[in-house]
Amino acid sequence: MKKGSKALVDEANAEIEAVTPAEAADLAKSDDVLLVDIRDVRELQREGKIPGAIHAPRGMLEFWVDPDSPYHKEVFSSGKTFIFFCAGGLRSALATKAVQDMGLTPVKHIEGGFGAWRAAGLPIEAVPTK
């Protein structure tokens, strides 16, 4: 293997902006900021979600962001600031770097992800199962 996942995450973290859960919560009070949960739907159902966050599964993210993709979601053309998060901050670091490389700005990610958000005692709501 030429480059492992740790090296990829380290490289991403060197090029993206990370915010603490408290900073993300404060920034999300603005109508110009959206929290984006990239976890798998089973993680949301099991662990809950951050109120107001939108869900964009990691496997579809680049397709949802790309305006030329048949899967594009208009929310990603809104001009808002996007703050991505996953369970622990690894996938969201890679995702943030990927969409930043695609030209989506401004973007950030939550250092420590949903786990750090929960540990900080910030609000979480249940996600109903279908």
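Against which elements do the buried residues of α5 pack? In this predicted model, local features need pLDDT of at least 70 and side-chain atom pairs count only at pLDDT 80 or more, whereas totals for chains, interfaces and linings use all residues. Residues are numbered from 1 along each chain as its sequence is written, and side-chain values use heavy atoms, with hydrogens and water left out.

The buried residues of α5 pack against α1 (5-15), α4, β4 and β5 (107-110), contact being defined as heavy atoms within 4.5 Å. Helices (H or I, at least four residues) and strands (E, at least two) are DSSP runs numbered from the N terminus. The buried set in α5 consists of S92, A93, A95, T96, K97, A98 and V99; buried denotes under 20% relative accessible area, exposed over 50%, and partly exposed in between (1.4 Å probe, protein chains only). The end C-alpha atoms of α5 are 19 Å apart, which agrees with the 18 Å that its 13 residues should span at 1.5 Å a residue, the expected span being 1.5 Å times one less than the number of residues. G103, with a positive phi near 110 degrees, follows α5.

The largest nonpolar core has 15 residues, and those with the most contacts inside it are L61, F76, F82, F84 and L104. Such a core is a set of buried Ala, Val, Leu, Ile, Met, Phe, Trp, Tyr and Cys residues joined through side-chain atoms within 4.5 Å. At least two residues of this core come from each of β2 (33-37), α4 (61-65), β4 (81-85) and α5 (90-102). The most are given by α4, with 3 residues. Apart from this core lies another, of 12 residues, including V19, A25, I50 and F85.

Rings of Phe, Tyr and Trp (its six-membered ring) pair if their centres lie within 6.5 Å; planes under 30 degrees apart count as stacked, over 60 as edge-to-face and the rest as tilted. By this rule there are 3 aromatic pairs. F63 and Y71 pair edge-to-face, at 6.3 Å centre to centre and 80 degrees between the planes. The pair of F82 and F84 is tilted, with 6.4 Å between centres and 35 degrees between planes. Ring pairs join F76, F82 and F84 into a cluster.

R39, in the loop between β2 and α3 (41-47), is buried, with a relative accessible area of 1%. Its side chain reaches the backbone oxygen of G48 at 2.8 Å. R39 also lies over the face of F114, at 4.0 Å from the ring centre.

Technical notes. A polar contact is a pair of N or O atoms within 3.5 Å; within protein, one must be able to donate a hydrogen and the other to accept it, and residues adjacent in sequence count only if both atoms are side-chain atoms. A charge sits over a ring if NZ of Lys or CZ of Arg is within 6 Å of the ring centre and within 35 degrees of the ring normal.
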